[in-house]
Amino acid sequence: MGFFDRLKQSLAKTRDSLAGKVESLLKFSTKIDEDTLEELEEILITADIGVDTTEKLISRLREKVKAEKIKSPEELKEALKNEIINVFPEPKFDIIPPAIILIVGVNGVGKTTTIGKLAYKFKSKGKKVILAAADTFRAAATEQLSIWGQRVGVDVIKHQEGSDPASVLFDAIQAGKARRADIIICDTAGRLHTKKNLMEELKKLYRVSEKEYPEARISSLLVLDATTGQNAIAQARIFKEAVNISGIILTKLDGTAKGGVAVAIASELNLPVLFVGVGEGVDDLQEFDPNAFVDAIF
Amino acid sequence: MAFEALTQKLEAVFKKLRGKGKLTEADVKQAMREVKLALLEADVNYKVVKDFIQRVTERAVGQEVMESLTPAQQVIKIVNDELTRLMGSKESRLNFSPSKVTVIMMVGLQGSGKTTTAGKLGLYLSKKGRRPLLVAADIYRPAAIKQLQVVGEKIGLPVFTMGEQNPVNISRAALEYASRHNNDVVIIDTAGRLHIDDELMQELINIKDAVNPDEILLVVDSMTGQDAVNVAEAFHNKLQLTGLILTKLDGDTRGGAALSIKAVTGCPIKFVGMGEKLTDLEPFYPERMASRILGMGDVLSLIEKATAAIDHNKARELEEKIRKEDFTLNDFLEQLKQVRKMGSLDQILNMIPGFSPQKLQGVEFNEKELVHIEAIINSMTKEERLNPSIINGSRRRRIAMGSGTSVQDVNRLLRQFEQTKKMMKQLSELEKGKKKGRFKLPFFNL
Ligand SMILES: Nc1nc2c(ncn2[C@@H]2O[C@H](COP(=O)(O)OP(=O)(O)OP(=O)(O)O)[C@@H](O)[C@H]2O)c(=O)[nH]1
Ligand SMILES: [Mg+2]
């Protein structure tokens, strides 16, 4: 058998759900040994939690095993779950109108779609929402947001493709004041965190918000695609530096990716996950539930 | 940093090895742990890493430690060779239909970059003398059709649309349209979908059956993590992919997904997306990707670009100056102009081994800044250019006035100059460490 075939076969074998794996692993091992820990390690890494955070979690687990005399695999699993849940900081995100929310992230993670869902959520709670189409770069981005605006029934402030994003936001703020909107949600063009000038452009949007609407509470939310690997940590770090991210929205959790990198981000940058995206429909946005999230990893 | 980090770790592992003739299993095992961590950090799939490490271990144990290389470098070489081999030993090209219209189908998850890549591929092919037709078959995402139309207009290519009808019918009609309108390539932009969405996966199978594509290309975000293998396998099982395109490689992701996907599907990576501009599509070179995954930087690409863009005599002059440490602001300006010829600075900096863009804050420039820089340097006296340390506060104000910039701009330039100097020194040291001639950088190699 060739190398690829062997590889394919072994991959097929491990494709069984992680839950099953942990279950059987824990059921059949009567005592907790290094192998058990190593297999837990594999589960964490396969969920994109990353080498560093995984090692941290496992070493804390080791201490716990000793300190609390954990014997049964069931207890071990619970202990690990708790370790992970404890990594997430308490989300502090309440909307006190008037509010401006900047939605930021790299290309294609689901910013625009998430804005549609958020607008729907806020509107359902009786809030008046205005959307700012400040992605003036990507082809038809404004049209995309406008369609969401129509779907949800909220106003969208837009300019032409290629115009200055800050001036779109400026107009949205004026409109927000005039129409007494509670929340202005600003769509931004997808950008890689490594592009310095584009990050500067983003900072400018933040500054415009502060300057033009000092009464408003400004927050920036980072949208992360759950299929992203370790690069998401760099994304979160740099976006946080640029526009003071207050939380993460983890999208595409309806796929098979676990989004474990959010654990690494919480651990390294102390950023909470606020919402998760679980589909392309208008109500496919849920509040983050650490328990459910961790259960999905196992 | 990563390459140096890995090299350093391996060197530490092999320190006690000096003088030994052969690599033993224990030596190699220790080293492989570091390699394994490096690969996992790069998002290579866990299983793929395991198999890979086993394979490399077998090859490395018992190897003579060659005199010219340190054991660490030798192991890296084996690792790099194996990675390259795994990723496909040579670059792979598109299949064209010999007699009729060539059909290319773009598939992938949501947000992977299909629409932009369809446009890039169209432009690439039209530059090669083909006459592509873009087909808008994403009827689900709001404004996806419009997006492709705008892209088509930008690059001057026709876009076939039929509103939000069944994508199978759209594809079939597009093929007919192409035959009638003398288009020899059809590029179908399908909607992003999850690999576990049976209904939408069936739609792709139906399109495939209807138009019998010559290429079915999976578009993959290069930042994808461990799940990449599940996604690629599912698409491959359903559609028998002919190749892959990796997108968003202009960021700082190590791109381990490339390796994982190649390993499980066996499909060649045909192109990589290197930026948001529609010209930012490049053929894929396996050995460069191997270096990148290991964190070695895309040295080869850099060399190629540098060779194409750099005036060799000037480069040699600069080398000489740096060595003698009389690199001045005049040279700095000259150098910036040369570097600009190689492409965007972001792209170039990403290719330099051991330099993550975050580390280089303050050494990036854009076109406008370059104009400023030129003005600032031109406003300096000869003496100031040769010896920037004399530029005190009042001189800074004068220079700012003279160049129509601000004192902050002048400060920033001076800082950038210092950093560049430092960076080049480091690079030149890095180069020395690698033994002469190993990675010859005509420009940065100083
Ligand atoms: N399955 C799934 N798809 C999603 C989710 N969120 C967004 N998407 C899809 O992902 C794709 C990209 O979403 P967009 O909202 O356009 O992403 P964006 O970040 O605004 O993209 P750019 O503006 O191009 O950077 C679309 O096809 C969305 O329908 C989610 O939670 N689950
Ligand atoms: Mg968008």
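This is a predicted model: local features need pLDDT of at least 70, side-chain atom pairs count only at pLDDT 80 or more; totals for chains, interfaces and linings use all residues.
Biologist: How do you know that the span of H6(A) agrees with what a helix should give?

Modeller: At 1.5 Å a residue, the 14 residues of H6(A) should span 20 Å, and because the end C-alpha atoms are 20 Å apart, the two values agree.

Biologist: Why is H6(A) described as largely enclosed by the rest of the structure?

Modeller: A residue is called buried if 20 or more other C-beta atoms lie within 10 Å of its own, and 11 of the 14 residues of H6(A) are buried, so the helix is largely enclosed. Among the buried residues are Lys111(A), Thr113(A), Ile115(A), Ala119(A) and Phe122(A).

Biologist: What does H6(A) supply to the shell around ligand 1?

Modeller: Helix H6 (residues 111-124) of chain A gives three residues, which is the largest share of that shell. Altogether 25 residues surround ligand 1, and the closest are Gly110(A), Thr113(A), Gly190(A), Gly277(A) and Gln110(B). By class, the shell has four nonpolar, 13 polar and eight charged residues.

Biologist: What makes up the side of chain B that touches chain A?

Modeller: With contact taken as C-beta atoms within 7 Å, 43 residues of chain B are in contact with 41 residues of chain A. On the chain B side, helix H2 (25-41), helix H3 (46-60), helix H6 (144-155), helix H9 (228-239) and helix H10 (256-265) each supply at least two residues, and the residues of that side divide into 17 nonpolar, 14 polar and 12 charged.

Biologist: Which residues have the most contacts inside the largest nonpolar core?

Modeller: A nonpolar core joins buried residues of the listed nonpolar kinds through C-beta atoms within 7 Å, and the largest one here has 185 residues, with Leu131(A), Ile185(A), Cys186(A), Val135(B) and Val186(B) having the most contacts inside it. Leu131(A), when residues up to four places away in sequence are not counted, touches several others, including Ile115(A), Ala119(A) and Ile185(A). A second, separate core of 10 residues includes Leu329(B), Ile376(B), Ile399(B) and Val410(B).

Biologist: What does the UniProt annotation on residues 272-285 of chain A say?

Modeller: The unreviewed UniProt entry annotates these residues as "domain: SRP54-type proteins GTP-binding". In the model, the end C-alpha atoms of residues 272-285 of chain A lie 16 Å apart, and the span is 0% helix and 43% strand.

Technical notes: Residues are numbered from 1 along each chain as its sequence is written. Chains are lettered from A and ligands numbered from 1 in the order in which they are written. Two residues are in contact if their C-beta atoms, placed from the backbone, lie within 7 Å. Helices (H or I, at least four residues) and strands (E, at least two) are DSSP runs, numbered from the N terminus. Ala, Val, Leu, Ile, Met, Phe, Trp, Tyr, Cys and Pro count as nonpolar, Asp, Glu, Lys and Arg as charged, and the others, Gly among them, as polar. A residue is near a molecule or strand if its C-beta atom, placed from the backbone, lies within 6 Å of it. UniProt positions are given in the numbering used here, feature names are shortened, and annotations may be inferred rather than shown by experiment. A residue is buried if 20 or more other C-beta atoms lie within 10 Å of its own, exposed if 12 or fewer, and partly exposed in between; C-beta atoms are placed from the backbone. The expected span of a helix is 1.5 Å times one less than its number of residues.
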